[in-house]
Amino acid sequence: MAIFQLIPYNKRTKRTLHLAKKRARITDPSGYWEDKKMGQYFPFVLQIDVTPRCNLDCLHCRTSHGATGELNSAEWIEILGPIFSHFRRRIQWVVIGGGEPTLYPELGRLISYISRKTRVVLLMTNGVLIATNPPLLEELMAAGLNRLQLSLESPVPEIHDTIRGQGNFYLVMQAAQVCHRLNINLAFRMTLNGLNWPQYGEFITLCKRLGAKEANLRKVIPVGKAEANFSWDCISPQDHCKILTDFPQLGEKHGILVNSEDPYRFIVDPRFQRLASSNSCFLRGCPAGTGHAYISPEGQVRPCSNIPFVLGDLREESFVDIWENHEWMIRLRERNYAKCADCSYKTICGGCRAMAKAYSGDWWGVDPDCWL
Ligand code: SF4
Ligand code: SF4
C-alpha cells in the first residue's frame, strides 16, 4: 500500500504542517527550518566558485591563494547532480562566485541547470561586464538567475577605486542601473577594512538609494592578497563589535535588510541569543560544515571560500562522504576548539577558522576578533 494511503492528507494535516513551519520560522529568525527530526547537517547554501580568473585586481582578493583550473559546465552538472539529489531537503541557495564569474564562458548553461534544482541562484560579481554588456544580465536572468550581488567597497568613489581599481566605482553605479532596469533582486557587498569601515553607515544609505534589497557587510579576512594588504586588527575587536551591534537598527532605519556572514553577528543580536541554548543541528555563527558548503573552480571541497585547505576532490570522491564523514566537518560542528569549547555562545558563533589561522597559524586556535 502506498505510504500516502496510510497518512490521510486532508485539510487538517495541511494546516498542522503549515503551523509547524510557521512556528519554526518564528523561533528561528534566521529563516532556517529548525527541525530536529531531520537530524541531518544540511548545506542550506552551496557556494560554487566557477573560475579563478578576474578582470580586476583588488587589494583584498581571496582567490589569489588558490585555484588555477576550472571545470566545464558538463563536469559541474555531473558533480552537482548527486548533491542535489542526496538531501531530503532542497538546497535553498546556490551562490556562484569566482574570481569573476561573468568571465566563465558557460555561465548561462550552468545557471539554467542550477535554477531547476534550487530556490535562489545568486551571482556575486564585480559588475564590470554587467555595466559594459547589459544583455549579458538579461541572458542570465532568462536562464534562471534571480539574485545579484555587486561589490561596492565605499560610498566614496576614491576609496572604492583605491581598493578595486581606477574607474570601477563608476562601473558599479552603471551596473546598479542595469539591475534596476531589469528588476533583479539586488544586494551590495562591502568588505570592511581599515580604509573603508568608518563609512559603513553611508554605504547602507547608498545601497537603499540604489534600489538594493540587501546590504551585506563583512570584515576582511587576511587570506590571499588581503594577507599582504590588511592585518587582522585593521578594525579593532571593539569597533568590530560596535559595527555589528549597529546593523539591526540601521536596517530598520533605512528599510533595507542589513546582513553579514560574520559569526559574531549572532551574539550581538538579541533575536539569536535564545538559540544559544538550543541543541538544534542547524548551528548559527560560522556556517562552514553546518549550513554552508563550498566547491572551488577545480571541483575541490573546502570548508569555505576563505579556507584553502582541501577536504576532497569531487572528480574522484563523493561530496556526501566528505560532508558527512570528513574530520574537518565533524570538528566544525562540534566546535570543541580553543576558547569556544567552553563558551556559552558556541552554538551561535564558533568564531572564524580562517581568521584564527591568519592570526595564530592554527586553524583551531583562537579567533583574535573574539572580544569575550
Ligand atoms: S569564544 Fe568562540 S563561540 Fe565564544 S564568542 Fe568567542 S569566538 Fe564566539
Ligand atoms: S571559517 Fe570564517 S569565513 Fe569561513 S565560513 Fe566560517 S566564519 Fe565564514
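Here are some friendly questions and answers about the predicted model shown above.

Me: What kind of model is this, and how are its parts numbered?
Reply: This is a predicted model, where local features need pLDDT of at least 70, side-chain atom pairs count only at pLDDT 80 or more, and totals for chains, interfaces and linings use all residues. Chains are lettered from A and ligands numbered from 1 in the order in which they are written, while residues are numbered from 1 along each chain as its sequence is written.

Me: Are α9 and α11 roughly parallel or roughly antiparallel to each other?
Reply: Axes are lines fitted to C-alpha atoms, for helices over the stretch in contact, and angles run from 0 to 180 degrees between N-to-C directions. The axes of helix α9 (residues 200–209) and α11 come within 11 Å and cross at roughly 30 degrees. Angles under 35 degrees count as roughly parallel, over 145 as roughly antiparallel, 65 to 115 as roughly perpendicular and the rest as oblique. The two helices are therefore roughly parallel.

Me: Which residues in α11 does α9 meet?
Reply: Two residues are in contact if their C-beta atoms, placed from the backbone, lie within 7 Å. From α9 come Tyr200, Gly201, Ile204, Thr205 and Lys208, and they meet, in α11, Ile243, Leu250 and His254.

Me: At what angle do α4 and α6 pack?
Reply: Leu107, Gly108, Ile111 and Ser112 in α4 meet Glu139, Leu140 and Ala143 in α6. With axes 8 Å apart, α4 and helix α6 (residues 134–143) pack at an angle of about 25 degrees.

Me: How many nonpolar residues are in the shell around ligand 2?
Reply: A residue counts as near a molecule if its C-beta atom, placed from the backbone, lies within 6 Å of it. Around ligand 2 are residues including Cys286, Cys304, Cys352 and Arg353. Ala, Val, Leu, Ile, Met, Phe, Trp, Tyr, Cys and Pro count as nonpolar, Asp, Glu, Lys and Arg as charged, and the others, Gly among them, as polar. Besides one polar and two charged residues, the shell has nonpolar ones numbering nine.

Me: How many charged residues does the shell around ligand 1 have?
Reply: The residues around ligand 1 include Lys339, Cys340, Cys343, Lys346, Cys349, Asp367 and Cys370. By class, the shell has seven nonpolar and two polar residues, and its charged residues number three.

Me: Which residue does a cis peptide bond join to glycine 98?
Reply: Most peptide bonds are trans. In the loop between β2 and α4 (107–114) lies glycine 99. With omega about 20 degrees, the cis bond joins glycine 98 to glycine 99.

Me: What is the phi of asparagine 183?
Reply: Most residues other than glycine have a negative phi. Asparagine 183 sits in the loop between α8 (168–182) and β5. Although not a glycine, asparagine 183 has a positive phi of about 60 degrees.

Technical notes:
Helices (H or I, at least four residues) and strands (E, at least two) are DSSP runs, numbered from the N terminus.
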